[in-house]
Amino acid sequence: MNQTLTLRRPDDWHLHLRDGAMLKAVLPETARDFARAIIMPNLVPPVVTSADAIAYRDRILAALPEGADFTPLMTLYLTEATDPADVVAAHASGLISAVKLYPAGATTNSASGVRDFDKVRPVLEAMAEAGLPLCVHGEVTREEIDIFDREAVFIEEVLDPIRRATPGLRVVMEHITTADACAYVKESDGSLGATITTHHLMINRNHILVGGIKPHYYCLPVAKRESHRAALVELATSGFEHVFLGTDSAPHTQANKECACGCAGVFSASVTMPCLAQVFDEAGALDKLEAFASLNGPAFYRLPPNETTITLEKGQVLEIPAPLETGDGPVIVFDPGKPVLWSVRRD
Ligand code: DOR
Ligand code: ZN
């Protein structure tokens, strides 16, 4: 008999769905295994106001396959012009679950992000008061800072000062990639959570650069050296309650990845749960996978965990799916480059 593992249905606390034909193609890949996801607002143009979020949520719901059991948890994109009253009202009505902070220029479609953090102070204070989480892309963007140091510098120069200046502000440090971020989260109180992606648990920077450049492993924050990956695995598999899954599954077409200036993003939605089972199995921590994927996130977001379950099964080597065909072109699915012995049982 194959080994099986049944978990409460997981949620994805950081997901890019895009819009239009891409949304239609990628949404079923998430809705198959996940009950809820925090939806990133970095569309072109971004999801900035309540009205934008309502319209985007409606487009997501309309793109769901029939019978799917999936709830998009919406976010607003923080700009220097964001109106605190709009944010608070969007939260009070249940429309949004978080606000997203992109430092301007940090990543895909972040040009409207924040340059001067003092300008968003009134929004952050209103959010602290309302208990509304701020999701943070934690990288500085100063040209002189090495790309591999941008997360650690952000913690010291931006994140820690913001948290000190805004007591009570609930923050999720997203897609953490360094031992520095792991240490910072572990020593913080319960107002700070962190997400970790599937791919950052499986690849380091050698995967991107050794033996030829691998654009499908390129994302932001960029994967760091092996000791950082090991720290992420240790934290994720420890059961630590303020750390949870956020895949940052971020589809770009093959053409936009395989070119002279390829986009950042790894599309992992289709294979995340088998990959995570592999990581937790190798760490001897299968008993902690449910906390990471299904329990810690809802606890941070003050939502009940899901009542339904999924079952993972160990046996055959997982076949990485063929490129996902979208109306915009094919999207390559994350391949960790090593055998994954787990799959999701589909009865
Ligand atoms: O790799 C990434 N891709 N990192 C981000 O922060 C954004 C994302 C995207 O939207 O493609
Ligand atoms: Zn992202």
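## Ligand site and backbone features of a predicted model

His175 is found in the loop between strand S7 (171-173) and helix H6 (179-187), helices (H or I, at least four residues) and strands (E, at least two) being DSSP runs numbered from the N terminus. At His175, phi is near 35°, a positive value in a residue other than glycine. The model is a predicted one, in which local features need pLDDT of at least 70 and side-chain atom pairs count only at pLDDT 80 or more, whereas totals for chains, interfaces and linings use all residues. Residues are numbered from 1 along each chain as its sequence is written, chains are lettered from A and ligands numbered from 1 in the order in which they are written, and side-chain values use heavy atoms, with hydrogens and water left out.

The protein contains 12 helices and 11 strands. Along the principal axes, its C-alpha atoms fill a box of roughly 55 × 45 × 40 Å. A compact globule of 347 residues would have a radius of gyration near 20 Å, and the 19 Å of the protein agrees with this; the radius is taken over C-alpha atoms, and the globule rule is 2.2 Å times the number of residues to the power 0.38.

Two cis peptide bonds can be described here. The bond from Val44 to Pro45 is cis, with omega near -10°, and Pro45 belongs to the loop between strand S3 (36-39) and helix H2 (50-63). Leu220 and Pro221 are also joined by a cis peptide bond, with omega about -5°; Pro221 lies in the loop between helix H8 (205-209) and helix H9 (226-236).

Leu220 leads on to the ligand site. Ligand 1 is surrounded by 13 residues, the closest being Arg18, Asn42, Leu220, His252 and Ala264, where a residue is near if one of its heavy atoms lies within 4 Å. By class, this shell has four nonpolar, seven polar and two charged residues; Ala, Val, Leu, Ile, Met, Phe, Trp, Tyr, Cys and Pro count as nonpolar, Asp, Glu, Lys and Arg as charged, and the others, Gly among them, as polar.
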